[in-house]
Amino acid sequence: PGRGSLDGDLALLNLKNGLNVSSRIWIGGANSTSSLPVSGVGSAAVGQKLCFSGAVTGESCAFTVTAIGAQVTYPKGTVRPAVQSISFAAHCSANGDSGAPVYLKGSSSVTAIGILSGGGGGGSDNYGGALDPCSMVFTNIQQAYEAFDGYVPLT
């Protein structure tokens with residue numbers, strides 16, 4: 001409130017009393033039943049290799065962070081500071097993937113890094129290549145910690 005731009009692309013969900021959540025991220029396709037526990041929370045770094053797990057696309061990896069603190073303009077306003085990344089060998093995000101977790105994937109757990117805001121590319125097959133790379137824009141999860149009282153429960 002009171003800012004000329006959107007500071008990140010975030011939302012806070014409050015659960016009713018008695019409801020619990022598990023800090024796990026779905027991996028695999030959009031209809032997968034496999035998940036990994038969230039074992040940590042980190043910050044994006046240029047050159048870092050990341051994944052996202054969207055409701056429409058499912059899990060897509062091989063995104064490399066290219067810029068931190070970028071200003072990205074959408075039809076509803078400007079988001080900053082945003083993190084930008086690119087992939088030449090992954091499925092691009094699709095409409096409906098917004099809000100997906102962005103993470104660093106390990107062999108038995110993940111580290112939460114951000115929240116997917118947007119992206120695109122990939123040409124007609126929605127898959128990044130040398131001539132039509134995917135782009136991914138996300139908000140660093142540390143901004144959520146600064147903006148809200150919530151937290152990611154670690155396992």
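Start by selecting C134: with a relative accessible area of 1%, C134 is buried (buried means under 20% relative accessible area, exposed over 50%, partly exposed in between, with a 1.4 Å probe and protein chains only). This is a predicted model, where local features need pLDDT of at least 70 and side-chain atom pairs count only at pLDDT 80 or more, while totals for chains, interfaces and linings use all residues. Residues are numbered from 1 along each chain as its sequence is written, and side-chain values use heavy atoms, leaving out hydrogens and water.

A disulfide joins C92 to C134, S to S 1.9 Å (a disulfide is a pair of cysteine sulfur atoms within 2.5 Å). The pair ties together distant parts of the chain: C92 sits in the loop between β6 (77-87) and β7 (101-105), C134 in strand β9 (residues 134-140), 42 residues apart. Strands here are DSSP runs (E, at least two residues), as are helices (H or I, at least four), numbered from the N terminus. The torsion about the S-S bond of C92 and C134 is about -85°, so this disulfide is left-handed. C92 is buried too, at 0% relative accessible area.

Next, pick C51 and C61, which are joined by a disulfide with S to S 2.0 Å. C51 lies in strand β4 (residues 49-54) and C61 in strand β5, 10 residues apart. This link is right-handed, with 105° about the S-S bond. A search of the whole structure finds two disulfides.

Stay in β5 (residues 58-74) and click T64. T64 is buried, at 17% relative accessible area. Which residues does T64 touch, leaving aside neighbours within four places in sequence? They are G47, Q48, K49, Q84, S85 and I86, where contact means heavy atoms within 4.5 Å.

Then head for L15, in the loop between β1 (6-7) and β2 (24-27). L15 is partly exposed, at 47% relative accessibility.

Finally, zoom out to the protein chain. Count one helix and nine strands, running β-β-β-β-β-β-β-β-β-α from the N terminus. Along its principal axes, the C-alpha trace spans about 50 × 40 × 25 Å. Buried residues make up 39% of the 155 residues. Among contacts with a separation of 6 or more, 63% come from residues 24 or more positions apart.
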